Amino acid sequence: MGYTLNFNLIWRHFDKLWGGLLLSLELAVISIAIGIVIGLLLAVWYVSAGRLVRTAIAAYVEFIRNVPLILLVYLVFYGLPTVVDIAYSAQTSFIATLSLYSGAYLVEVFRSGLEAVPRGQLDAGKAIGLTPWQRLLHVRLPTMLRITLPALSNTFLSLFKDTSVASVISVPELTYGAQWINFNTFRIVEVYLVVTAMYLLTGYALLYALRLVERRFRAAH
């Protein structure tokens, strides 16, 4: 007898999927916010500091970029508390991991953006008497943000999808909700079809909203 689709049990437990989706968005927003701070500070430091600092920042970036996210999640959640006297929840652990993960990628995004600022703009700022800090704040950062906004949007969308990894440490985001429903109803196809649709629709909605922000930002500058 063939498999017959039955979504009734999925809708009965849909609150777990909806709550998981909201948590996935929350994890992505918090992580990208912290990641922006990490990435921006390190990028500014990288372009203005000496070789030793640049080497240390490059080592951090290369380490994060070449280690799978799931392994980083295990290291922070299971490994770190065994060597350091520290305790935190699974959700806090995942936010810390995803923030460091996004920060490493954003270092490169912001660094390339800072280096792409036309030299003429910096010289003009210097000519009118702006200090290095004022040139950074009023010339380099606004121009850099305009250049890097599309890459920043793509990073956020990637982080939203990466929140699914949190399920491996039992953070009740969207994929974990799907696993719970699957375990309790055995409706494998139905639950993952619904979750796939939720990821797709949310991703496209975020992409549309982010593209609107990009167009308005370009128009304002």
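User: Which residues line the largest pocket, and which helices each supply at least two residues of the lining?

Analyst: In this predicted model, the lining of the largest pocket consists of Val44, Val47, Ser48, Arg119, Leu122, Asp123, Lys126, Pro132, Arg135, Leu136 and Arg140. Val44, Val47 and Ser48 are among these residues, and the range 14-48 belongs to helix 2. The helices that each supply at least two residues of this lining are helix 2 (14-48), helix 6 (119-127) and helix 7 (132-162).

User: How much space lies in the largest pocket?

Analyst: Rolling a probe the size of a water molecule over the atoms shows where empty space is left. For the largest pocket, the computed space is about 200 Å³.

User: Where is Ser112 placed, and what is its distance in space from Val47, C-alpha to C-alpha?

Analyst: Ser112 belongs to helix 5, and its relative accessibility of 37% makes it partly exposed. Val47, one of the residues lining the largest pocket, is 65 residues from Ser112 in sequence. In space, the C-alpha atoms of Ser112 and Val47 are separated by 9.6 Å.

User: Which backbone oxygen lies 2.8 Å from a polar atom of the side chain of Ser112?

Analyst: A polar contact requires N or O atoms within 3.5 Å, and the pair in question is at 2.8 Å.

User: Why do the buried residues of helix 8 line one face of the helix?

Analyst: The buried residues of helix 8 are Leu174, Thr175, Gly177, Ala178, Ile181, Asn182 and Thr185. An α-helix has 3.6 residues a turn, so residues three or four places apart point the same way. Seen down the axis of helix 8, the buried residues line one face because they fall within an arc of 155°.

User: Which side chain reaches the backbone nitrogen of Thr175 at the start of helix 8?

Analyst: The contact is made by a side-chain oxygen, which comes to within 2.9 Å of the backbone nitrogen of Thr175. The residue that provides this oxygen is Glu173.

User: What is the phi of Ser170, and where does Ser170 lie?

Analyst: Ser170 lies in the loop between helix 7 and helix 8. The relative accessible area of Ser170 is 47%, so it is partly exposed. Phi of Ser170 has a positive value, in a residue other than glycine, near 65°.

User: Which backbone oxygen lies 2.6 Å from a polar atom of the side chain of Arg187?

Analyst: Arg187 is located in the loop between helix 8 and helix 9 (188-220). Arg187 is buried, since its relative accessible area is 17% and the limit for buried is under 20%. At 2.6 Å from a polar atom of the Arg187 side chain lies the backbone oxygen of Thr4.

User: For the UniProt "transmembrane region" at residues 191-210, what is the helix content of the chain?

Analyst: An unreviewed UniProt entry gives this feature at residues 20-47, 59-80 and 191-210. Over residues 59-80 the span is 86% helix, with end C-alpha atoms 20 Å apart. Over residues 191-210 the end C-alpha atoms are 28 Å apart, and the helix content is 100%.

User: How many helices and strands does the protein chain have?

Analyst: Of the 221 residues of the protein chain, 40% count as buried. Along the sequence the pattern reads α-α-α-α-α-α-α-α-α. The totals are nine helices and zero strands.

Notes. Residues numbered from 1 in each chain as written. Predicted model: local features only at pLDDT ≥ 70, side-chain atom pairs only at ≥ 80, totals over all residues. Heavy atoms only, no water. Buried < 20%, exposed > 50% of the residue type's maximum accessible area, 1.4 Å probe, protein only. Helix = DSSP H or I, 4+ residues; strand = E, 2+ residues; numbered from the N terminus. Arc of directions from axis to C-beta. Polar contact = N/O pair within 3.5 Å; in protein donor to acceptor, adjacent residues only side chain to side chain. UniProt positions renumbered as here; feature names shortened; annotations may be inferred. 1 Å grid on protein atoms, 1.4 Å probe; cavity = no way out; pocket = protein on both sides within 12 Å on 5 of 7 lines; lining within 4 Å. Points joined across faces, edges and corners; volume = space filled by probe spheres on them.
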